Each structure stands twice: as C-alpha cells, then as structure tokens.
Amino acid sequence: MRNNRLLLVLLRISRRCYRQSLKRLVIFVSLLMPLNLVLADQHQEEIQAWLEKMHSAVHGLSYEGIFVYGQHNQLSSMKIIHSVDKNGERERLISMDGSGREVIRDNNRVVCYLPDRNSVVVQKSRPRSNFPPRFPIDINTLQKNYYLSLDGKGKVAGYISQKINILPKDKFRYGYHLWVEEKTGLLLKTHLVVEDDIPVEQFMFTQLHFYDHISDEQLKPGVDSSQFNWFEAPAKKQHASSKAARNWQVKHLPAGFLPDIKRMTTLPENLMPVEHLIFSDGLATVSVFIEEMMDSENNLRGGSHMGAVHAFGRALDDFYVTVIGEVPFVTVKMIGESVAPAVKVSGKND
Amino acid sequence: MSDKAKERLSALMDDELVDFEQDINHLQDDDSLKQRWMRYHLIRDVISGHLPDAVAPDFDLAARVSVALEHEPTILAPRRFQPRQLMKQAAGLAIAATVSAIAIISIQNPDISQTGVTPLAAADKQGEKVVAFNQNPALVSLPATNSAKGAPLSRTAHAHSHKSAGNRASTSKFSGYLLNHNEYSVSANMQGMLPYMRIVGATQNQPVIIRIANEK
C-alpha cells in the first residue's frame, strides 16, 4: 500500500515536471511564431510577383539554350530555341544525344519528329493567345495545397537566380524547387520532388543566350522527314459520337483538384475521337481521356510512367479510361478508378 | 461575374468547350456577359490586325503602345512609409498569437493531437509503396528488351514481365495523350514547352515508358 502511494506521488511529480518543460517549449515556440508569420505574409506578394514574371518570361523572350534533363538515373541533353516576333510564339526542342528527336511548336500545331521511329506526329496546339490573357497561377489557390517560400539566390548557367520552393501538403502532388533568373524571370532550373524532397525529375540550363531576333532557319527541323510516316489529326473539330457523348464523372478527386475544361480531341496515331477532361489544383494538371474501346492491344493498362508523368488505364464497359499527369501514381490511380458514367438525367439523350 | 464564367467565355471563343449549351444560354440572358463577349472579339481583332481600315485606319496597336511608353515621364519618387504595412504586421501578430494559443491547447492535450494524426498516417499505404518503388533506380531503369534498330518502338521495360507480358504499354499512344495533356496543362503556362522534354529526351537505349507493377 505504502509503496503504491509513493509511486503515485512520484508519478504526479514527474508529470508536473513534464508539463512545465512542455510549457517552456510552447512559450519558446510561440515567441518565434509571430516573426515567421509576418515574414511569410511579406513573402507571399513577392512570390506571386516572381511567378508572374516567370510566366511572362517564358512566353515573351527570344532565347537559345542548352539544358540537361534527368529522371531517376538517366541524363539527356537538349537544346531549346524560343522565338517571339510578329509571327507569334515559336519554339523548337532538339535532342542532343541519340534519338535526334525534335518537337517544333507554334500557335497552330505541335510537330514531333521521331527519327528513331521514322515517324512524325502532329497535333493541334492550344492557342496561347486566349482572352482574357489569364495568369494561371494564383498564389491563394496554391496555398491551399502547397507551402511556398523564397529560398535565397544562386547561380545557374552563369545567371543569378532566385530559388522558390513550392512544396506539397500531401502525397497527391509533387513539390517544385524553381530557380528563376533574376533579371528576366526565365525558369533556369527545376527539381520535381516527391513528399520527402527526393527528386524525381530535374532540368537545368547549362548555357543560355538571349536574342533580339531568331531567324526562321533556326526554327526549321534538322531532320529530313520526307520518308517518314506522318500521323496527323484532322484540323476539323471533333464531335462526340452519340455513344461517346455520355456524361462522365470522377467520383474521387484528391483534395484541391477541380475540374477545368472538357473537350473532344483526336489522337494523331489512330484518329480516334477521345473525350478529354482536365483537372487541376492550380499547378499540377491531370488529364482523363475516355474513348470507345477499339484497339485494346495498345491501351495503357494499369500503371506506367514516363519520367515524372504517371499514367493509369482501365476498361470501363465499352470504353477505355486513361489518366495521365505530372503527379504521383496515387493520384492518377485514384482518379482513374473513380471514373464512372454520370447518372443519366431523364429527358436528355435517348 | 465569376472568374469561372469569364474563363468559360474565353474557352468558348477559342472553340474549346464541348458542353457549351448552358454558356450560350447565359450569354443570351446576361447583358454584361454579352458585352464582354463583344469586347473579347474586339480585342482579338485589334491584336491580330483584323479590324477594317474604315474602323481604325493605320491602327497599329503595338506601335502606338511603344510610342506612348516612350513619352511616359519616368517618375523618381522616394518610397513612402506605409502605415498599411504596419497594420498588416500587427494583424499578423494577432493571428500568430491566436495560433500560439491553439498550439498551447493542442500540445497540452496530447490525446487530441494524436487522434488527429493517426488517420493521416494510415491514410494510404498503397501509395507509399508506389513511391518507394519509384525511388528505386534498379527497378525503374531496366534496359529495353528490344532495341533492334528499326523495330517499332517497343521500349517498354517490363518491371515484372511475367505479369505484363500481354500488357504492353503503347509508346505511341502515350505520346498522343501526352501531347494533348501538355497543351492543356497548367505547368505549360509556366514552363513553356519544357514538358516536351519528356518526349525529346528519350534516347535509343532508354526505356520511355516504365510500367508500375502494383496490380492486385
């Protein structure tokens, strides 16, 4: 009995000590907090300004540069030429090692030259001259799903750049470390990371020059594609066939992902009409493609990935669903598994 | 008018909407929307130089803007002390104090914070497995099984070939989706054509698409 009482007293004392040390810790932390919050508030405006600067730089400057692209343990080197003049925005991306692949893009179309496959794939580009000129990244939206911070300055490809961290609050999206050129705002380097800050994909300029004018010659493909197979989707707008015009819904979206637009498109290689639903959390984008099941052989069944882009595919009645996006696999899987036909509204359709 | 409505209007103008019936109805009913629709068209016409000369003879918008900018006087004014900034900081302090108070409460009640954490930690173990898989370079960088020249791109590395034998991911189809996705991705607005580096960066002996072996 006595021993027991002693034990109880001891326990009470130790608990008190514990509480006191906790209190001290709390006071210490709470003293630090206000400073943090005020700083954070001032940073928000600065970060928004950087993001806007970055957006206008990537579309508004003429430049030529060489960069490396790495994913997992593979590295490749590429050249980018970007031109803005009275013809609008034109850009060319060229592989510097191996495949000789090239992508040339203007306001009308995206052309992929794939010499390793003897083919050229053409797709209509999304006009970037949308009105009103919308700036897609709104810091208030981003803050719901990401922690944003400025992280000092560094040098990339000889240019001083500001580092910006955009880190995810959950596992459904990647984090971004961005290095943005101080004067122009051009994105010079990125690390795409998963939750624990482990990079899954990296990109970095090693050489970069800005120009007033870029000649048309530099924007022409460097490969002779006359003998290649051309795959081109018709320019005419596709309308959903009565069967495909079913309403689809995604039942489970990870927090923060909202439906953007819905469109009909055609895949260049098999000319199939495909319904394309787009979801975004303000930074990461996920596409859901739904088509009538035709060539089941070629469908992307289950999970796969290309660099940081993950895909998930599954059959759904007579349709095939493919989800693709620069997001972790959990996200495409969750969305892919929850696609279902919407409950039919009576009186609509036959 | 919500930003959403404006965005849909803009998308409608670019012929990007599938389900635009309702937008047309809104447009018919809403006068401010109607006016906006007209303004968008006017802006587009002005910028692309489609206005007839009768409406705007020699209307070179870009030139006029740059002339106007050149004549704009440079204002050199010292930065003034802004009382609003101070208010903002004070508000920040107030919020911080509240947060600290909440922190004290939750730390003193370890039970509350623990129950708050448990469901999060156990949220989705499947997902963690996939991430772990991705981080293992040995698993994801398997060389292509077929790198014969001229063969149609079958650089589909089979992480678990016995499972995915009849399950080959088609590179061409992936690229087709990726092209469409890139064009409509938000990050394309921030990174320009950089997302295409995933297509261009593929070299002869590299797997392009890697399967994730997690099928049940």
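Visitor: Which two strands of chain A pair in the antiparallel sense over 6 bridges?

Guide: Strands pair if DSSP finds at least two bridges between them. Here strand β5 (residues 109–114) of chain A pairs antiparallel with β6(A) over 6 bridges. Strands are DSSP runs of E, at least two residues, and helices are runs of H or I, at least four residues, numbered from the N terminus. This is a predicted model: local features need pLDDT of at least 70, side-chain atom pairs count only at pLDDT 80 or more, and totals for chains, interfaces and linings use all residues. Residues are numbered from 1 along each chain as its sequence is written, chains are lettered from A and ligands numbered from 1 in the order in which they are written, and side-chain values use heavy atoms, with hydrogens and water left out.

Visitor: How many residues lie between β5(A) and β6(A)?

Guide: There are 4, and the two strands form a hairpin. Asn118(A), in the turn, has a positive phi of about 50°. Leu114(A) has Ser119(A) as its bridge partner.

Visitor: Which strand joins β6(A) by 4 bridges?

Guide: Strand β12 (residues 229–232) of chain A, running parallel to β6(A). Val121(A) stands opposite Phe231(A) there.

Visitor: Is Arg263(A) buried or exposed?

Guide: Buried means under 20% relative accessible area, exposed over 50%, partly exposed in between (1.4 Å probe, protein chains only). Arg263(A) has 9%, so Arg263(A) is buried.

Visitor: Which side chain does Arg263(A) join by a polar contact?

Guide: A polar contact is a pair of N or O atoms within 3.5 Å; within protein, one must be able to donate a hydrogen and the other to accept it, and residues adjacent in sequence count only if both atoms are side-chain atoms. Here the partner is Asn180(B), at 3.1 Å.
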